[in-house]
Structures are given as structure tokens and as C-alpha cells.
Amino acid sequence: MNLKEIPTSPARLELENVSAGYNGTLALQEITFAVPHGQRVAVIGPNGAGKSTLFKALVGLLPLRSGVIRIHGQTLRQHQDCVAYVPQREEVDWRFPVTVRDVVTMGRFGRTGWLRRPSPADQAVVERCMQQMGVAALAQKPIGELSGGQQQRVFLARALAQEPHILLMDEPFTGVDASTQEATLQLLDRLREERVTVLVSTHDLDLAARRFDVVCLLNHRLVAYGAPDEVFRAEHIREAFGGQTLSIDGVIVVDQCCSGEEEPGHVHGQAGGHG
Amino acid sequence: MIHWLLDPLSYAFIQRGLLAALMVGVVCAVIGCYVVLRSMAYLGDALAHAILPGVAVAYLMGGSLTVGALAAAVLVALGIGALSRQGTVKEDTAIGILFAAALSLGVALISTMRTYAVDLSHILFGNVLGVSAGDLALTAGLSVLVLGAVLLLYKPFLVISFDPVLAATLRMPRELLRNLLLVLLALTIVISLQAVGVGLVAAMLVTPAATAYLLSRRLPAMMAISALVGALSSVIGMYASYYANVASGAAIVLTATGFFILAYLFAPGRGVLWKKG
């Protein structure tokens, strides 16, 4: 395994020999990488490769079996409110009685304090974030009455309202319409200007190659980490995706037939290389 | 009409019973919103039954029944949490085991007493007309405590219920809050004991909150409507109990069920008949 060290310091998010998992199985094994401040990282890998586990470990939801995660050089426990997480759609209880504004306002709770009402300044941030994501007109609506794309934008608006240093998005491009996908990508561009570090897990290898600075290829272990053209090499792709790959005329095709509610069909990613 | 309403109130024990039922109705309904939204109905029922051995031990030792009940409920709540956190058994299995064991232990202890039948039926189905002035003061104190905690901790409880991942990213003490909610639930069940009894307290937790869920779109509104439904059920149930001479706990729960059926059929936008129309 030849991992290219990215010589940027100070790295703002560092993982050192991180292993984590549920009930005996280790979904993540000895992951080590460092993300410099403001980078945009695509996390890719086959289903069950540990992408969601990685995110759960990063937010502190899953205790580590071994290793250390550091943000700004300090371990996870010492940080409050600098990591925002946009959950996968299935993780949210859409029948919960909250409106769009309620959800976005939750993004300010870490800053307002737990016992006080949101200040006028907090409310202004909430309003601005709803407008940025195009959900201000829906502010009074219960989240269960929105379309899938609108629901995702609400959670993006909440992540913005947290004013995070690190933003994690779990499969934001899966099962949403083209305009929501575009809105999400535009948000990523704006966050780059604000020097927010972003980690996005995705099945869309093409998007990962075109729109991200760094690609993190996982299959329980870290298979490759670096710029897209370094990671998208035949040997890496085969190592990570194994039987899901097919070599056609020197182009590796990855067949990721997805689970759940997605359209039947295939997400194809291509990796140039001489196979 | 006025006489019809005021006549029962000429008895002091009915005044006390009505006040106790009213407070219990409101507190159960408010904390019940979290029970419904977090799918804790089974846990609530189990906690209620788990109180039995605590009450029995307190009775045998001549101590305060309320303290005994509270100790048992808190022990079982934390026991369920610990047993299921290991992941060896699922939570509903853990609840089932502890709940049946506690109930059996309670019945076994109570059956050693001489006044077995009467005491057991009071614990199982309540005896709201036996509320003493001291009981009433204790109920009032605990009601204020539970409602105060729910209001004060509105934001943390909202976040751990709606989005545990956000709670984790905000570094909230999730375990502590979850256990605190269980303790508040246990307190609520303890004060409900005399009004509706172990057997019916789950209904007081779930039915008004489920009714309010169908009629509201935000949690604060759900809590307010739930409290109103709980209060109305208690008052209407007490009068029905007086005039129709039925058990008061049962009358209160049946009234709440009536409200739920109305909401289920006619709730704007959500009711069965509304959707068809």
C-alpha cells in the first residue's frame, strides 16, 4: 500500500490507527490519514466498507476500539460543536412533530446554551441559512410533508447554522433530484470559501473524481488516499471493489448495485487505467 | 346543571381525588409525549409493574409506599438500560424479563399479607378516593418537579429524542439525559399509582399524547393539547365514576380513549374520515 503523505500542516483532522465497529466486528481497521484545513474529501468504497462507521466515529457516536482522532490537534472529547453531520435520510424520524424552522434552529443549540431561548442573532442566522438552502418559504411546514430533496436541504441548512469547522455528509447525492444535488454542490463551493473541511460519502465515483480535492478509498482498511488521479488507479479500485469490477478495453467499470429505495439500475464509476 | 357539577364536591375526599386525578392527568400527558415519540410505551408499562415489589417491601417494613415505589422503578429503569446496553439481549426482551420478574416478586410479597385482595386491587387499579391530604401535597410537589424539569430541559430532551446523532456532535451527555428521562417517567408513574393504578398508568401516558400527536404539528403544541386531553379525561372520568358508580381509574382511561377515537377519525388532515372526505 503506497499512501502518499500530504505535506500540509497544520492538519485539522487527523486519524491515527483508528479501529471501530459494532459487536465484535471491526468495520474500520487501523485507519490513518490527515485532512488539512478546508479540504474537500470524498469517501468512497463498496457497500458495508465502513463509510458510515467512519462518520459515526468522527462525531463521537461510536467509541473507538483503538487509535486517536484529533481535531485541531486535540482529541474528540475536548471539542464542542465544531463538527456538523448531515444524516442519511433513513436515519431521521420524519414523523416527529417539528417544523423546518425547528430543525434549523437546533443547529444553534450548541451556541445558545441549553437553557436559553435563541437570541435575535441566532434567529437571524437560522433565517439566513434557510434562505441559502431555499427552504425559507417552508419554514412553518412539518418536515414530514416535504419532498426528499427539500428534506435534505433542511438538514444542510441546519449544518450551516452550526457554523462548523468540519462538515460530514453521509450519501447526500443518493436518492435526491438533480436540483438538490446541484444545490448541495454549490453549498460545498461556498463552504470552501469559508475554509470548512468537508467529508462526503458517496457512491458516485464520477462525482468524486470531478468535484473533490481528495479521495479516501475504504474497504474496512484504507485502500488509498490522495488526489483523485492517484486514487483512481486500476489496482486500487480492484482491491477495494473486488468482484464488482469489470475491465472493458482498459477501462475499469465498477458496478455498484445499490440497496434500499434507489431506482433499480447501476451507478457506474470509471477509472482510467491499464488493466 | 350547577348542582350536578357541585354536588360531588361537597365531599372532601372527592375534592382531593379530583385534584389528584387532575394533576396526574396533566403530568402523565406531558411526559407521555416523549413516551409516544420515543416509542417507550412498553417500557412505561414495565416500569409501572416493576413498582409492585417496591411498594410491597415498603408496606411490609412499614415505610413510605411512595419511596418504595420510586426506588423500585428507578432500579428497574437503570437495570433495563444496563442489560440492553451490553447488546447481549435486545431491549424489549430485557424489558419483558425484568417486568415479569418484578410483577411476580410483587405479587409473591403481597400474597404474604393478610389483606391481600384489597391491597392488591388498590395497587393494580388505583384508589383515587383514598387520597389523603399528605398524599395530595406529595403529588403536587412531584408534579411541579416533573413539569419543571420537562420545561427547563426542553431543548436537550427534544434533541436526544429527534436526533441522537446531533446530540452526539454537540457533545451532550446523552446517557445522563436518557436516564434522567427514565427517572422522571418513574416519578410520574409513582404519583399515578393512587389515581389509576399500575394496570392503567400506561394508558394515561400514551393515550392523551397519541391524541395530541394527531392534532398538532409541533412538540410544544403537542404537549399543551396532550395536557388538556389528560386534564379533561380526569375530570370527566371522575364525574362519570361518581354518577355511574364505576371504578374511577377505568372511567378516566375510557374517557381518554374516547378522545383518541375522535381524533383518530376526525383530526384535520390526519383523521381516517378526513382523508376519505
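Of the 275 residues of chain A, 42% count as buried. A residue is buried if 20 or more other C-beta atoms lie within 10 Å of its own, exposed if 12 or fewer, and partly exposed in between, with C-beta atoms placed from the backbone. The model is predicted: local features need pLDDT of at least 70, side-chain atom pairs count only at pLDDT 80 or more, and totals for chains, interfaces and linings use all residues. Residues are numbered from 1 along each chain as its sequence is written, while chains are lettered from A and ligands numbered from 1 in the order in which they are written.

Chain A holds nine helices and 13 strands. Helices (H or I, at least four residues) and strands (E, at least two) are DSSP runs, numbered from the N terminus. Residues 24 or more positions apart supply 67% of the chain A contacts with a separation of 6 or more. A contact requires the C-beta atoms of two residues, placed from the backbone, to lie within 7 Å.

Six strands of chain A form an open sheet in the order E6-E7-E8-E3-E9-E10, with mixed pairing. Its edge strands are E6 (83-86) and E10 (221-226) of chain A, each pairing on one side only. From one strand to the next, the twist averages 15°. Two strands pair if DSSP finds at least two bridges between them. Strands of a sheet pair through backbone hydrogen bonds, either parallel or antiparallel.

Strand E9 of chain A takes part in both senses of pairing. With E3 (residues 40-44) of chain A, E9 (residues 214-219) of chain A pairs in the parallel sense over four bridges. Ala42(A) stands opposite Val215(A), and Ile44(A) stands opposite Leu217(A). With E10(A), E9(A) runs antiparallel, joined by five bridges. Here Val215(A) stands opposite Gly226(A). E9(A) and E10(A) form a hairpin with one residue between them. His220(A), in the turn, has a positive phi of about 65°.

E9(A) is mostly covered, with six of its six residues buried. Val214(A), Cys216(A) and Leu218(A) point one way from the strand, whereas Val215(A), Leu217(A) and Asn219(A) point the other way. In a regular strand the side chains alternate between the two faces of the sheet. Helix H9 (residues 234-241) of chain A lies across E9 and E10 of chain A, running at about 150° to E10(A). Axes are lines fitted to C-alpha atoms, for helices over the stretch in contact, and angles run from 0 to 180 degrees between N-to-C directions.

Chain A is divided into domain 1 (1-82 + 165-242) and domain 2 (94-163). Domain bounds come from an automatic or database domain assignment. The C-alpha centres of the two domains lie 25 Å apart. Twelve residues of domain 1 of chain A are in contact with eleven residues of domain 2 of chain A. Helix H6 (residues 178-193) of chain A gives the largest share of the domain 1 side, five residues. By class, that side has five nonpolar, five polar and two charged residues. Ala, Val, Leu, Ile, Met, Phe, Trp, Tyr, Cys and Pro count as nonpolar, Asp, Glu, Lys and Arg as charged, and the others, Gly among them, as polar.

The contact between chains A and B takes 23 residues from chain A and 19 residues from chain B. On the chain A side, E6, helix H2 (100-106) and helix H3 (109-112) give two or more residues each. E6(A) gives the most, with three residues. The chain A side has 14 nonpolar, five polar and four charged residues.

The largest nonpolar core has 169 residues. Such a core is a set of buried Ala, Val, Leu, Ile, Met, Phe, Trp, Tyr and Cys residues joined through C-beta atoms within 7 Å. Helix H10 (residues 174-215) of chain B supplies its largest share, 25 residues. Both domains of chain A give residues to this core, so it lies between them. Leu168(A) and Leu47(B) are among the residues with the most contacts inside the core. Residues that Leu168(A) touches include Phe55(A), Val83(A), Tyr85(A) and Leu199(A), leaving aside residues up to four places away in sequence.

Positive phi values also occur at two further non-glycine residues. Asn17(A) has phi near 50° and sits in strand E1 (residues 11-20) of chain A. Asn17(A) counts as exposed because it has 12 C-beta neighbours inside 10 Å. Glu171(A) has a positive phi of about 50° and lies in the loop between strand E7 (166-170) and H6 of chain A. Glu171(A) is buried, with 22 other C-beta atoms within 10 Å.
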